[in-house]
Amino acid sequence: MSDAAATAGRTEFAFDSADGKSQVRAVLWVPLSMERADAAFGEPELGCFKPRGVVQLIHGMAEHIDRYDDFACFLADAGYLVAGHDHIGHGETAGTPKRRGVIDAEGGANAMIEDAQTLRLLVSQQVAPGTPYFMFGHSMGSLVLRSYLPRFGQGLAGAVICGTANEATAVSRTGNLAARAIAAVRGDDYRSSLLHALADGAYSRAIKNARTPFDWLSRDPAVADAFMADERAGFMFGAGAYAALTELAWRANAPATYRDTPHEVPLLFVAGDADPVGDCGRGVAKAAESMERAGAEDVTLKLFSGMRHEILNELGKEEVYDFILEWIDAHNRS
């Protein structure tokens, strides 16, 4: 680890990405009431933090971890140590604005999964042994998390799968082949209007009489406006990044993923029932049902009425915050 720089209740640091070329920017939100809350993350003493538990956040497509600051502070106020990072091709990890949306078609999906595991290992070294560890993934981050669970899910206290997509594997594989073909000819950084229209561009068309292209995120007009004003959000993916995204999508919904996810890990599926990404809740319900059929022992599904994609940024988000925290508390065995 390097580049540690602490502020009140918040610490930033960096680690090497599994892609072999990126420095991943990560953030730690430290409860102010916690012992040694002003300590710089990465000091040599192991187990120096003693929170109620850890919640690791995995953000979505074309955004960055700072958009989760309000939710992270809410969890930290409840006594949880919260960690998160900017994916490769996102936020400060991308390095420059030009590199945002650029991910390798070959190995990019694996790198995102392995970076999540690296952060978990780093954070786990800094908390007391036996501290319950939860993971939360939103949208693309939920696909990273669902793909992560069969490989690294053992030992988690719970996983929150938020705003997930659940396309048929054949559809995702077809999209993956198309993205890989374009990336092979034009390069990983090529911005394809065709791929954009087939993927995230389709969501904006799902909202009738939309005021902006991002009304599908939330009913709150301020959310779309802030998203469009944020230079670190809303960028178009390159062909390689779409290849990584569609690979995550088909992995997440593959029978082997459901089968190999540790059955004892509690799972919470949450989404808005007006979210086009999850087929207005229908796809989310199918994913939860598939987990149950595969043998998962503790699966909870909650669809929030009228909410769109970003339930953490929706009108009435307080209900979402409280529900997620209550579920985490209920599964905290510390």
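A: Let us start with Cys-73, which is partly exposed at a relative accessible area of 32%; here buried means under 20% relative accessible area, exposed over 50%, and partly exposed in between, with a 1.4 Å probe and protein chains only. This is a predicted model, in which local features need pLDDT of at least 70 and side-chain atom pairs count only at pLDDT 80 or more, while totals for chains, interfaces and linings use all residues. Residues are numbered from 1 along each chain as its sequence is written, and side-chain values use heavy atoms, with hydrogens and water left out.

Q: And which cysteine sulfur is closest to the sulfur of Cys-73?

A: That sulfur belongs to Cys-162, but it lies 18 Å away, which is too far for a bond.

Q: What about Cys-280, how far is its sulfur from the closest cysteine sulfur?

A: The distance is 15 Å, again to Cys-162 and again too far for a bond; Cys-280 is partly exposed, with a relative accessible area of 33%.

Q: Changing topic, how many residues are in the largest nonpolar core?

A: It has 63 residues, and those with the most contacts inside it are Leu-81, Leu-267 and Phe-269; such a core is a set of buried Ala, Val, Leu, Ile, Met, Phe, Trp, Tyr and Cys residues joined through side-chain atoms within 4.5 Å. Helix α8 (residues 239–252) gives the most to this core, with nine residues.

Q: What does Leu-267 touch?

A: Leaving aside residues up to four places away in sequence, Leu-267 touches Leu-149, Ala-159, Met-291, Ala-296, Asp-298, Val-299, Thr-300 and Trp-327, a contact being heavy atoms within 4.5 Å. There is also a second, separate core of 29 residues, which includes Ala-72, Ala-76, Met-307 and Ile-328.

Q: Is Thr-257 buried or exposed?

A: Thr-257 counts as buried, at 8% relative accessibility, and its place is in helix α9 (residues 255–260). It touches Arg-146, Pro-150, Arg-251 and Ala-252, not counting residues up to four places away in sequence.

Q: Last one, how many helices and strands are in the chain?

A: The chain has 11 helices and nine strands, which are DSSP runs numbered from the N terminus, helices being H or I with at least four residues and strands E with at least two. Of its 334 residues, 58% count as buried.

Terms used
Disulfide = S-S within 2.5 Å.
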